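Here is a short report on how parts of one chain pack together. Look at the structure first, then read on.

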Amino acid sequence: MFNTQVSEKEHDEARQGEALMLENKTEKNDARRLYIESYGCAMNFSDSEIVASIMMDMGFQTTSDYKEADVVFINTCSIRENAEQRVRNRLKEFTSVKVKNPGLIVGVLGCMAERLKAKFLEEEKLVDVVVGPDAYRDLPNLIDKVDDGNKAVNVLLSREETYADVSPVRLNSNGISAFISIMRGCDNMCSFCVVPFTRGRERSRDAYSIVKEAEDLYDQGYREVTLLGQNVDSYKWSSEDGSDSVNFAQLLERVALVSPELRVRFSTSHPKDITDEVLFTMSKYENICKYIHLPVQSGNSRILDIMNRTYDREWYKGRVDAIRRILPGCAISTDIIAGFCTETEEEHQDTLSMMDYVVYDYAYMFMYSERPGTLAAKRFEDDIPEEVKKRRLTEIVDKQQQHSHRNMLAQVGKVQKVLIDGYSKKSKNDYAGRNDLNATVIFPVDERFKPGEYVNVLVERCTTATLIGKIAE
Ligand code: SAH
Ligand code: SF4
Ligand code: F3S
């Protein structure tokens, strides 16, 4: 089951050197290979980097081809029925490789692992190991068990685990932008949501380890970090002796102070918790990007109440007004659920009118999908017919497209500071980057500037999703 094949490139690298390189080659020859694929939110992608780090400490190397792997992990999402379906389809492809190569270890990680626990092993006979989001430190032990011919499960949730001391291995990274997980879990029990069950209680990570991670990334050449949590505004950490206590606004400030050249983003803000202090901190530092993801879910107060979001329409509008007042021009994005239990046509209209009020820059829009075990599944009937949900979603999506376009058009003619991410997907003659507001900006390559550098771009035109321009002299 050990994969001893070495790629051409590795052969060449090994041949170049002396004894040390030969040693490396032997290591490479012996190393087992890990392939890891992630689904769901940024949190999951960030967790996969923790998993890769733990597995590399065990001597694994990562590979980008699952067919040459000794261990294949799929880091899963449970948020909607179709997210789980996508994972199951992909898992079939992995297990079909296992039929030919029985030594292959297939592991299911993340939220579906936590939701389904050992049941997963009954449902998917070819899966060897099931690991929940708080149990990744146990991977060495679990892989040992599988090596001994057993199946292995650890789905214990923790009140403390933040992996603060694990240094993530950046996967699929452009070397410019990275995620930093600042907290885990969620205490908010929104009635539709499975996350509190799959990720457990909310806990905040040591502020010093967060700032240190940002500093290390900056030293390695990264120029943008995104601080991640399901509800970043309730970040709260105190040192053990109680001498230092940090809330989200203060953490944001500490990370912004790492360097004015390091852009800071964050996600997700909860409308009930986002404070003016956070908004003032954003306005104080140029390098904190003026972009807030503020999921509304619904524009109707009765629906928000039964969703257990703990704010109403007026409160949400008040928070948007505060953003407009303190951070003029700040981009705002949202998540919207169409067809939640008992939603009437008038209540759906309230969501559309809320969109008109805010004119969101971006939106992630979904049909309600009942999740087993959630409060909504227990209390309410999923009674909006599929075609009604679809039609409401279409109305929401159509409106958002108009609004996105309108917001893009408003940026035409302006000079914007863009962080170059790399080449445009469509042409090597163009660079792609993002502005402060998180919009993608495409402009002709100029050899004086490299990916990872900032450049001022004059926006000349736009599509619904992209700004197009040229470097402003
Ligand atoms: N913590 C974030 C959301 C994380 S889940 C927040 O509070 O906003 C991402 C989005 O998925 C949610 O905002 C919601 O719009 C959507 N979502 C969650 N559960 C869902 C469900 N059962 N059906 C449809 N969409 C859902
Ligand atoms: Fe889910 Fe609500 Fe927590 Fe977001 S805040 S993760 S929607 S329970
Ligand atoms: Fe999905 Fe889990 Fe994130 S359910 S959205 S991967 S927290």
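Gly318 counts as partly exposed, because its relative accessibility is 30% and that class lies between buried (under 20% relative accessible area) and exposed (over 50%), with a 1.4 Å probe and protein chains only. Gly318 sits in helix 13, residues 313–326. Helices here are DSSP runs of H or I with at least four residues, and strands are E runs of at least two, numbered from the N terminus. Pro271 is 47 residues from Gly318 along the chain, yet their C-alpha atoms are separated by 9.6 Å.

This is a predicted model, in which local features need pLDDT of at least 70, side-chain atom pairs count only at pLDDT 80 or more, and totals for chains, interfaces and linings use all residues. Residues are numbered from 1 along each chain as its sequence is written, chains are lettered from A and ligands numbered from 1 in the order in which they are written, and side-chain values use heavy atoms, with hydrogens and water left out.

**Helix pairs**

Two packed helices are described by the angle between their axes and the distance between the axes. Axes are lines fitted to C-alpha atoms, for helices over the stretch in contact, and angles run from 0 to 180 degrees between N-to-C directions.

| Helix pair | Axes come within | Crossing angle |
|---|---|---|
| helix 13 and helix 14 | 11 Å | roughly 15° |
| helix 14 (residues 345–358) and helix 16 (residues 386–409) | 10 Å | roughly 15° |
| helix 9 (residues 207–219) and helix 10 (residues 248–256) | 9 Å | roughly 30° |

Helix 9 is therefore roughly parallel to helix 10. Contact means heavy atoms within 4.5 Å. Helix 9 contributes Ala207, Tyr208, Ile210, Val211 and Ala214, and helix 10 contributes Leu251, Arg254 and Val255. These residues divide into 7 nonpolar, no polar and 1 charged. Nonpolar covers Ala, Val, Leu, Ile, Met, Phe, Trp, Tyr, Cys and Pro; charged covers Asp, Glu, Lys and Arg; the others, Gly among them, are polar.

Helix 13 and helix 14 are also roughly parallel, and their crossing is right-handed. Residues in this contact include Tyr316 and Val320 of helix 13 and Met354 and Tyr357 of helix 14. By class there are 5 nonpolar, 1 polar and 5 charged residues.

Helix 14 passes helix 16 in a right-handed crossing. Among the residues in contact are Leu352 and Met355 of helix 14 and Arg391 and Ile396 of helix 16. This contact has 4 nonpolar, 5 polar and 6 charged residues.

**Cores**

A nonpolar core is a set of buried Ala, Val, Leu, Ile, Met, Phe, Trp, Tyr and Cys residues joined through side-chain atoms within 4.5 Å. The largest one has 53 residues; Ile182, Leu227, Tyr235, Phe248, Leu251 and Ile292 touch the most other members. Helix 10 gives the largest share, 6 residues. Leu251 touches Ile182, Ala207, Ile210, Leu227, Tyr235 and Val246, not counting residues up to four places away in sequence. Another core, of 23 residues, lies apart, with Ala69, Ile74, Leu116 and Val155 among them.

**Ala52**

Ala52 lies in helix 3, residues 42–57. Ala52 counts as buried, at 0% relative accessibility. Leaving aside neighbours within four places in sequence, Ala52 is in contact with Leu34, Thr62, Val169 and Leu171.

Conventions:
Parallel < 35°, antiparallel > 145°, perpendicular 65-115°, else oblique. Left-handed = near helix turned anticlockwise from the far one by under 90°.
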